[in-house]
Amino acid sequence: MGQHTVEKIGGTSMSDYRSVRDNIIFKPTLINNIYQRIFVVSAYAGMTDQLLEHKKTGDAGVFALFAQERKQNNWFPALQDVRTAMLEINHSLFEAGELRDKADAFLNSRLQEAQECLEDLHRLCQHGHFSISEHLATVREMLASLGEAHSAWNTAHLLQRDGVNAVFVDLTGWNSPSHMSLDERILDAFKDIDLSKELPIATGYAHSETGLMSTFDRGYSEMTFSRIAVLTEAHEAVIHKEFHLSSADPRLVGETNAVPIGRTNYDVADQLANLGMEAIHPKAAKGLRQSGISLRVKNTFEPEHTGTLITGDYVSDAPCVEIIAGCRGVFAVELFDQDMAGDIDKFDVDILKVLRQFNAHIIAKDINANTITHYLAINLKTLKRVMRVLHERFEDAEITQRKVAIVSAIGSDMKTTGMLAKAVKAIAEQEVNVLAMHQSMRQVDMQFVVDEEDYEKAICSLHKELVEVHNHGRAICLAS
């Protein structure tokens, strides 16, 4: 292992440069030296939503408008709105003068080249021999790269202004003369950097010949972060967020009741990612885990706190629940067919084909003799498309949908008698109806499906019964 850390800064934190500089750059996590660190930065908060589509609502950004409408009068104004928003960020970060002019020139150059690419592609695909759909994956990657290039360039030059020997590391492959694999691009970019006296600020998007977004979509920056840590043999990986990885949402259970987890393992991180509460993308975590690199999640705005350390081998001292988490706005899609009995595999495979077609994220599923229910984290527009295709494929089936919430109790070791019974009792005492329930033999999580209006009551009751009883989880779940 090297002496350095690789650290990722999330979009909300990136939008507060002063806090990033004072709380992260000038207050190293493990060492007294501001160097021996590599930073991987996300785009400023909300910027990737504008460039692609809103992550939660699905509202169209530049890419979605270009892909769906393919009319310049739809996507072009959206791109100009992005330009305006990015320039406003520049003008809030840089005082009027030479450095602001350079920042604006860099940004305008990237945006202008992107605009020209879209215009050229639009014209080309008016010809019958060319299909725009064949190029959409590349367009998506190009547009995504603009957000991280913007934030990384700005951060590197602001730090230079403030006395840090920062280096802008552009992994976007913009105007690159050749295609490379992800690993080759990373190794090439860092081969001449001296970490003892230079502080690299790398783009969260990295271009590769196979494309990151086709596999990781919006988790691409975490994959870049992970591969940099693995390839440079980092001592530790660190993610800086605007909140602690806590035992529950403090806004629901109260600031005094929710506490940072302190220690957990990658298995728990995977369960959180499945609920959309990503500490790190599971495939990015896999590389860290296999390389024996621990992951620390810190709160940007509490720099003195050591945060939560995630390792591959951690198990709590005694069985316990470490975190109560959940997901609202889940759609339960139930397909019932009498013919399914005895032939359930065929139905299951065909349903999954439809869900994959629309990239529907499956949180959980139930199967019995004649019914399959999938719990999907998708927006309403995608749900309507899924339902339409399912009705077309399964004409004789009864297919229903219902909006629900999923609440989960998660821990690195929950193998103890009576924990499930306590959880069910706690929810029942709040007169919350459990619509479905899941627990695997691995016993690292319990999932409860409830009506959406009961989400908060379920979270609070489970946290009070399973976490707060153990001195807020400190005695059992936090490492010394």
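**Contacts in a predicted model**

Let me begin with Asp348, which touches Lys365, Ile367, Ile372 and His374 when residues up to four places away in sequence are not counted, contact meaning heavy atoms within 4.5 Å. This is a predicted model, in which local features need pLDDT of at least 70 and side-chain atom pairs count only at pLDDT 80 or more, while totals for chains, interfaces and linings use all residues. Residues are numbered from 1 along each chain as its sequence is written, and side-chain values use heavy atoms, with hydrogens and water left out.

Asp348 is found in helix α14, residues 344–357, where helices (H or I, at least four residues) and strands (E, at least two) are DSSP runs numbered from the N terminus. With a relative accessible area of 14%, Asp348 is buried; buried means under 20% relative accessible area, exposed over 50%, and partly exposed in between, using a 1.4 Å probe and protein chains only. The side chain of Asp348 also makes a polar contact of 2.7 Å with the side chain of Lys365. By polar contact I mean a pair of N or O atoms within 3.5 Å, where within protein one must be able to donate a hydrogen and the other to accept it, and residues adjacent in sequence count only if both atoms are side-chain atoms.

A second polar contact, at 2.9 Å, joins the side chains of Thr232 and His4. Thr232 lies in the loop between α10 and β5 (236–241), and at 21% relative accessibility it counts as partly exposed. Leaving aside neighbours within four places in sequence, Thr232 is in contact with His4, Val6 and Ile38.

Let me turn to a pair of helices. Helix α6 (residues 98–124) and helix α7 (residues 136–161) pack at an angle of about 175°, with their axes 10 Å apart; the axes are lines fitted to C-alpha atoms, for helices over the stretch in contact, and angles run from 0 to 180 degrees between N-to-C directions. The two helices, α6 and α7, are therefore roughly antiparallel to each other, a label for angles over 145 degrees, with those under 35 called roughly parallel, 65 to 115 roughly perpendicular and the rest oblique. By class, the contact of α6 with α7 has 15 nonpolar, 3 polar and 3 charged residues, where Ala, Val, Leu, Ile, Met, Phe, Trp, Tyr, Cys and Pro count as nonpolar, Asp, Glu, Lys and Arg as charged, and the others, Gly among them, as polar.

Now the aromatic pairs. Rings of Phe, Tyr and Trp (its six-membered ring) pair if their centres lie within 6.5 Å, and planes under 30 degrees apart count as stacked, over 60 as edge-to-face and the rest as tilted. By this rule the count comes to 6 aromatic pairs. The ring centres of Phe106 and Phe168 are 5.8 Å apart and their planes stand at 85°, so this pair is edge-to-face. It links distant parts of the chain, with Phe106 in helix α6 and Phe168 in strand β3 (residues 166–169), 62 residues apart. Phe106 is buried at a relative accessible area of 18%, whereas Phe168 is partly exposed at 22%. Tyr205 and Tyr220 have ring centres 5.7 Å apart and planes at 75°, so they too are edge-to-face. Both Tyr205 and Tyr220 are buried. Finally, Phe66, Trp75 and Phe76 form one aromatic cluster.
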